[in-house]
Amino acid sequence: MTTQNEPQAQPDEQRRAQAQKVAVLGTGKIGEALLSGMIRAGWAPGDLLVTARRPERAEELRARYGVEAVSNAEAAKAADTLILAAKPQDMGALLDELAAHVPADRLVISAAAGIPTTFFEERLADGIAVVRVMPNTPVLVDEGMSVISAGRHATEAHLVRTEAIFNPVGKTLRVPEKQQDAATALSGSGPAYFYYLVEAMTDAGILLGLPRAQAHDLIVQSAIGAAVMLRDSGEHPVKLREAVTSPAGTTINAIRELENHGVRAALLAALEAARDRSRELASGNG
């Protein structure tokens, strides 16, 4: 597990990972963020391959990063590690295209939400190593949370290699694959909950008489400061909240209204709903 106070990939591990040729298949926003992160972490552009559905997108990536744009089959034959960043609904067709070209000694990393490692293991060479990763959108600003689970044939070395790829764009956390649906509800969908809260608080600021831009700035900076304090102080969130909550003050009155309106219960129900939908997607009920 990688946490805030633990080191990222060790230098020797990072160098070994960077000696591997990596291909990003289906290089959309998340795939491009990983590509950029790897280059900034020390990967040579010549050791990175990309594929894209549209030729103009492939040319854009080649010009921007100096990497080689190839076909999916060429990437499968040439790369030691394949990062499958296609949309979940496109993954079956992609695997059909790749199956004949991926040797059993490759590492396949899936960044597709809701698809279990068995989906890949059943369609690719016997014994192939598959690692499932659920990144969230803050990888686009190097503050992502990427949750990593090993398939049946993935070893410690495969997990370390995966962490070396995802660490440049945020934090990584290993969990058993049975916990991926819960992690998706908390982390994969998590940024949307905060955006929803900021939207609601901004509307409240306008109702209280503030201009929208000022309300937005107040809330965003408060959110950043609170997140940094949670990360760096080591204090339990209850203790940090209590430090702001003076007797008979403004904060406790606001907290009382949140409790009266069942906000805590609503959050629990919302995350359970997200977890259940992740399970449905994993079982093929899209």
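Analyst: The bridge partner of L107 in β6 is A129. Strands here are DSSP runs of E, at least two residues long, and helices are runs of H or I, at least four, numbered from the N terminus. This is a predicted model, in which local features need pLDDT of at least 70, side-chain atom pairs count only at pLDDT 80 or more, and totals for chains, interfaces and linings use all residues. Residues are numbered from 1 along each chain as its sequence is written, and side-chain values use heavy atoms, without hydrogens and water.

User: Which way do β5 and β6 run, and how many bridges join them?

Analyst: Two strands pair if DSSP finds at least two bridges between them. β5 and β6 run parallel, joined by four bridges. Four bridges also join β6 to β7 (residues 144-150), and these two run antiparallel. M134 stands opposite V147 in β7.

User: How many residues of β6 are buried?

Analyst: In a regular strand the side chains alternate between the two faces of the sheet. Buried means under 20% relative accessible area, exposed over 50%, partly exposed in between (1.4 Å probe, protein chains only). Six of the six residues of β6 are buried, so β6 is largely enclosed by the rest of the structure. A129, V131 and V133 are on one side, with V130, R132 and M134 on the other.

User: Which residues touch the most other members of the largest nonpolar core?

Analyst: A nonpolar core is a set of buried Ala, Val, Leu, Ile, Met, Phe, Trp, Tyr and Cys residues joined through side-chain atoms within 4.5 Å. Here M38, W43, I83 and I165 touch the most others among its 28 residues. Elements supplying at least two residues each include β5 (107-110) and β6 (129-134).
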